[in-house]
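Hi,

Here is the structure I promised to pass on.

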Amino acid sequence: MLRSLFGRPSLAVLNNYGHMARPASPLLCAQRGVFADRVRAGMILKVDKRYYRVLANTRSQKGQNAASFNIKLTEVGTGRKKEVTAGHGHDFAEARAERVRLLFSGFDDDDMACFVYPEHSSDAGKEVNIPGDSLPELQQKFLCCGMPVDVLHIMPDDDESPNEKDIWSEVVMPSNYTYTVEKLTLKGMYKMAAFVECDGIIGVNDSVQVNDKVKVVIKPDGTAAFGGRAT
């Protein structure tokens, strides 16, 4: 048994290579760990002090009873891709994250996109700000006051990163929304509609008139399309 100078058992332990390892610190113990074989698509991991969403985790066999895992990641907020390879027992730090329903309230003078908690929520009226230029172009054009959105909220570990601020990212708009036609113009052979509630412009059919309520379909590929008159 390993003993200290005072005859009490030492806190030292042996690592996987049989060498003496440093005692685990409270900071390490506070992390939400997940082993490589338990990593699943959709998880938010903290890797090299950055936050990533897991896209996929595939296992590759290397020799008898040995496996490694190839994990594909995308960085939260930037979309940059990253791949890491880890052994079966590698421990990743899983971030505390949730998706929150908020209402868009407009862009301020500093070009910050402002969102607020709905009236009947426990945090009603609390404001969340996201840099406007970090949003996809479609969202910058078609977000409008009062629109409900889902936003990713990452809560840093207070013990591990006491000075790190909460992260708000990955705004998800409704798949379709109703707008009021403010102005109609011609672009070549196409009739284009501009709206009262936002800066977006889309092509519409010939029957659409000023002040009509029309649906705009928000597509996953980052484009918008005419969805017909609202009934």
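Let me start with one residue. Leaving aside neighbours within four places in sequence, Val172 is in contact (heavy atoms within 4.5 Å) with Arg99, Gln139, Val149 and Asp150. Val172 sits in strand β13; helices (H or I, at least four residues) and strands (E, at least two) are DSSP runs, numbered from the N terminus. Arg101 lies 71 residues away from Val172 in sequence, with 9.6 Å between their C-alpha atoms.

Before you dig in: this is a predicted model, where local features need pLDDT of at least 70, side-chain atom pairs count only at pLDDT 80 or more, and totals for chains, interfaces and linings use all residues. Residues are numbered from 1 along each chain as its sequence is written, and side-chain values use heavy atoms, with hydrogens and water left out.

Now the wider picture. The protein has two helices and 18 strands, and 32% of its 231 residues count as buried. Taking contacts between residues at least 6 apart in sequence, 45% join residues at least 24 apart.

β13 belongs to an open sheet of five strands, ordered β11-β10-β9-β12-β13 with antiparallel pairing (two strands pair if DSSP finds at least two bridges between them). β11 and β13 are the edge strands, each pairing on one side only. Strand β10 (residues 112-116) is joined to β11 by five bridges, and Phe115 has Val128 in β11 as its bridge partner.

Then there's the largest pocket, with about 830 Å³ of space. A pocket here is an open set of points on a 1 Å grid over the protein atoms alone, where a 1.4 Å probe fits, with protein on both sides within 12 Å along at least five of seven lines; lining residues have an atom within 4 Å of a point. The volume is the space filled by probe spheres set on the points. Of the 31 lining residues, Ser134, Pro136, Ser169, Glu170 and Val171 lie nearest the centre. Which element gives the most to the lining? That's β13, with six residues. β5 (50-61), β6 (67-75), β11 (127-131) and α2 (137-142) are among the others giving two or more.

Cheers

Notes
Buried means under 20% relative accessible area, exposed over 50%, partly exposed in between (1.4 Å probe, protein chains only).
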